[in-house]
Amino acid sequence: MNVLVLDDEEDIVDSLVPVLNIIEGITAYGAKTSGRAFEIIAEHSPRILLLDYSLKEISTGLDVYIQAAKIVPDCKAIIVTGNADYELKEKCEKVGVENIIEKPILLEDIMKMVEALKNQCDRV
Amino acid sequence: MGLFSLSGLLVGISCISMGIWVYIHRRSNPINTVWSLFCIFVSIWGFAGCAIGLSKDAASALVFWRVAYIGVILIPAPFYHFVTKFLEIKRPITLMTSYAMTVFFLAADFTPLMMPGTKWMFDELFYVSPPGLIYPYFVAFFIVLVAASHIDLGRYLVMTSTGRRREQIKWFFMATAVGFAGGITCFLPVFGIEIYPYGNLTVPLYPLIMTYAILRHQLLDIDVFIKKATIFTGMFAFSVGAIAIMSVFGRPIFQELFGWGDILSSIPSVLIILFAFEPLKNLLTNTTENFLFQKKFDYSQVLKLFVEDVLTVLDLRVIIKGTKDLIDKTIHPASFGIYLLDIGRNAYINQVEGDEKSLVPSAVFIQQMKERNKCVYIDQPGNEERVISELNEVEAVLAFPLESQGKFLGFMLLGKKKSGDDYTKDDIDILTDLSKTESIAILNAKATVELADAKITKHLAAMADGMSHQFKNRFHAIMGLLNKEKIFMKRDIEMMESEEKKYDYDAVLKRFKEIDTAIEKAESNCKRGASIANALLNRTRPDRKKQFDMNQVADAFGMGLSLIGFKHRDFNSIKIVEHIDHKIPKSWLSIGALEEICFNALDNSYDSIQDKKKLDPNYIPEIECIMHYKSESSTIQIVIKDNAQGIKAENLEKTNAGIPGFTTKGTSSLKSGFGAGISTMKELIQMHAGTYHYSSEWGKGSALTINIPVKSTPERYRKDERKGM
């Protein structure tokens, strides 16, 4: 199952992608911009999207998910943010985001979430 | 006309004038009414006394004596009544008794029990003598009430140590003591002590002294028509006095020398009045203007000017200093303070520089001012001891509330006048007006500060939000880097410990290299976190903009650029084109100020970009920064230009003038700005002896060009060098 990691911080992408690749049956792809993310979506149709909300551009991680869902309808997203407030929570729930996690977070915890989502997708 | 008649006439005229004057102005005040009645009664004595002196026979003289005594009998009780009211003493029984006795003596006045007959005395008039049976009792009644009144006045005079009240009591005591001491001599001949009642001549002095006290010390509640009344009284007294004097002294001379009759002998007095009338009128007008109204005129003018000025000032320090200077120039108090509430310290703090007194809000006089919204003065009747001690503690005699729009902001305290004079009613009226204007000005200034604070808070909140994101990103990255290594390390350890796997040198080397890279990255993230913290710290230090040092101007743009990213997270989506010459010579400049300038310029561009985005969805924003050294003019030129909405032509002039309060944002943006950006930027550029210029084409963008001269020495040292040369 393909997983997309989108974060404008290079260090985060470089850490998270190899760790996710440890999980059996997961192939993770990293992107630092929304443009690169859409290329990966178009090419690999990832079912799980791990998206940073605040990007150094106009689009947010949530905007990327909304567009990605049009291309890969059954994809599931986790939004990573530094400020998980009620307003964002509402926005995410409205468009069907699976989970919101607040930075900083251990990669081990992200791995568990991704693994759980993979199992969920597998069951479907 | 004999001396007794003349003195009687003067008493009558002066007292009736004063009585009418006091009654007309503020008849609603009972104290004034009582005083008017008292004056009218004295005038009855005066006029009837004049008639006694002119009486040709004993019978008609006796009639006039009895008329005169209507006035005399009516003097002591109203006088005592007035004193008790004036001193705010309550003695209803004594008062009622004295009025009852007055009625009794009045009833006896037209009987032989009071005055049985008259006797020719002093070769001038028929004087009442011998006394009737109850006459001595009346004299005793008269003396006791007058003496009791003066004892009360004296007692209050001792008790009231300072202030206007003391002056009022002092002058009142003096006036009536002079009047009564003279008047009492009229009783002596009745008892066969044939001393001419010269004292009656001093009776007209008391209305004169009282007039002075009323005008100078607001003895009674009179503040209008003083000038006209003084002139009228003066002219009237002069005319009558001239006729009387000429009748007494001039007429016999003219009759003897020229054999003139009564009508002809009066001509010189008429001529004197005719020729002296106009000059005297002018003299009295000028005297009242200069002596009595001078201060009021000056104060009004000064206050008017101050009121016009102070409401345009929005800086609290300037308002406080201006007010202090005004008060020092006009009132000359020994101390002056404007106390405003400091919520944090829960105290009223004096805002006047160099005097940091404070007062607790629970002070009684503060509470009184809050409740009544009126001034409190130290010698106010009925003041609590605590109020007096509180005011004494801060060396104040007067306190004025500063209240506007129902908000009690604080108060103004004034000490004694350096001259030793007391505060007059005019002073208090003028200071009350001043405190009202002052309150509005303070409220405006505070609102401006609050608005600026709110803007700064909003700005800092936006910055803090951006920085919080950055910090979390750093920690997230560090945690990710370390966590990744931990996960892989764990896997490696497990593999190495397993029996199947053997020691693999290359694999271990690879791991070490990966760990080394991760540590380096973590270190780098820590450094970035620290630099973010420093940026925030620097930005909140106000003195930083004034710290000059040898700096590279190019650094300022980089710092401004990184700061703007904290304020607007999506700023990185804007294309930034940098043409920065990093070989620009170092110059004596404030890096903090230049960073602020770049930050403001980028912030303005950002706002303008947002506007254009709304109008054109396909618009690609771009900001270009050019920095280079112009050797021909030894200046550094900074150009920050954008392709955004720009500034409307009609607003360019104001933008370039850097008018405080003017904002480009209201014209080009849907947002509204406070306008501090451009004026602040102008100030910071001028600090570097530089210039700036905005050029713009509406819809196409704008460019800010800044020229800063390169200096190897700060301006203040350069000046010293020139002086040395």
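The stops below begin with chain A and then move to chain B. Please note that this is a predicted model.

**Chain A as a whole**

Of the 124 residues in chain A, 50% are buried. Where contacts link residues at least 6 apart in sequence, 63% of them join residues at least 24 apart.

**Helix α1 of chain A**

Next, select residues 10-22 of chain A, which form helix α1. This helix has 13 residues and spans 19 Å from its first C-alpha to its last, close to the 18 Å expected at 1.5 Å a residue. Which residues of α1(A) are buried? They are D11(A), I12(A), V13(A), S15(A), L16(A), V17(A), V19(A) and L20(A).

**Two loops of chain A**

Select S45(A), in the loop between α2 (34-44) and β3 (48-52) of chain A. S45(A) is not a glycine, yet its phi is positive, at about 40°. Its relative accessibility is 38%, so S45(A) counts as partly exposed.

Then move to the loop between β5 (99-102) and α5 (107-123) of chain A, where P104(A) is found. The peptide bond joining K103(A) and P104(A) is cis, with omega at about -10°.

**Chain B as a whole**

Now select chain B, which has 22 helices and 15 strands. Of its 725 residues, 48% count as buried. Among contacts in chain B with a separation of 6 or more, 69% come from residues 24 or more positions apart. The accessible surface of chain B is about 36,200 Å², and 61% of it belongs to carbon and sulfur atoms.

Select residues 58-74 of chain B, helix α3, together with α4(B). The two pack at an angle of about 25°, with their axes 4 Å apart. α3(B) is therefore roughly parallel to α4(B). Showing side chains here brings up V72(B), I73(B) and L74(B) of α3(B), which meet P76(B), A77(B) and P78(B) of α4(B).

The contact involves A77(B), P78(B), Y80(B), H81(B) and T84(B) on the α4(B) side and T94(B), L95(B), S98(B), Y99(B) and T102(B) on the α5(B) side.

Select E88(B), in the loop between α4 and α5 of chain B. E88(B) has a positive phi near 55°, although the residue is not glycine. With a relative accessible area of 54%, E88(B) is exposed.

**Further stops in chain B**

Select P130(B), in the loop between β2 (125-128) and α6 (135-159) of chain B. The peptide bond from S129(B) to P130(B) is cis, and omega is near -5°.

Go on to Q368(B) in helix α13 (residues 364-372) of chain B. Q368(B) has a relative accessible area of 9% and is buried. Apart from neighbours within four places in sequence, Q368(B) contacts N373(B), V376(B), N383(B), E384(B) and V387(B).

Finally, select residues 591-615 of chain B, helix α18. Its 25 residues reach 36 Å from first C-alpha to last, close to the 36 Å expected at 1.5 Å a residue. Of these 25 residues of α18(B), 23 are buried.

Terms used. Residues numbered from 1 in each chain as written. Chains lettered and ligands numbered in written order. Predicted model: local features only at pLDDT ≥ 70, side-chain atom pairs only at ≥ 80, totals over all residues. Heavy atoms only, no water. Buried < 20%, exposed > 50% of the residue type's maximum accessible area, 1.4 Å probe, protein only. Contact = heavy atoms within 4.5 Å. Expected span 1.5 Å × (residues − 1). Axes fitted to C-alpha atoms, helices over the stretch in contact; angles between N-to-C directions. Parallel < 35°, antiparallel > 145°, perpendicular 65-115°, else oblique. Areas by Shrake-Rupley, 256 points an atom, 1.4 Å probe, with all protein chains shown as cover.
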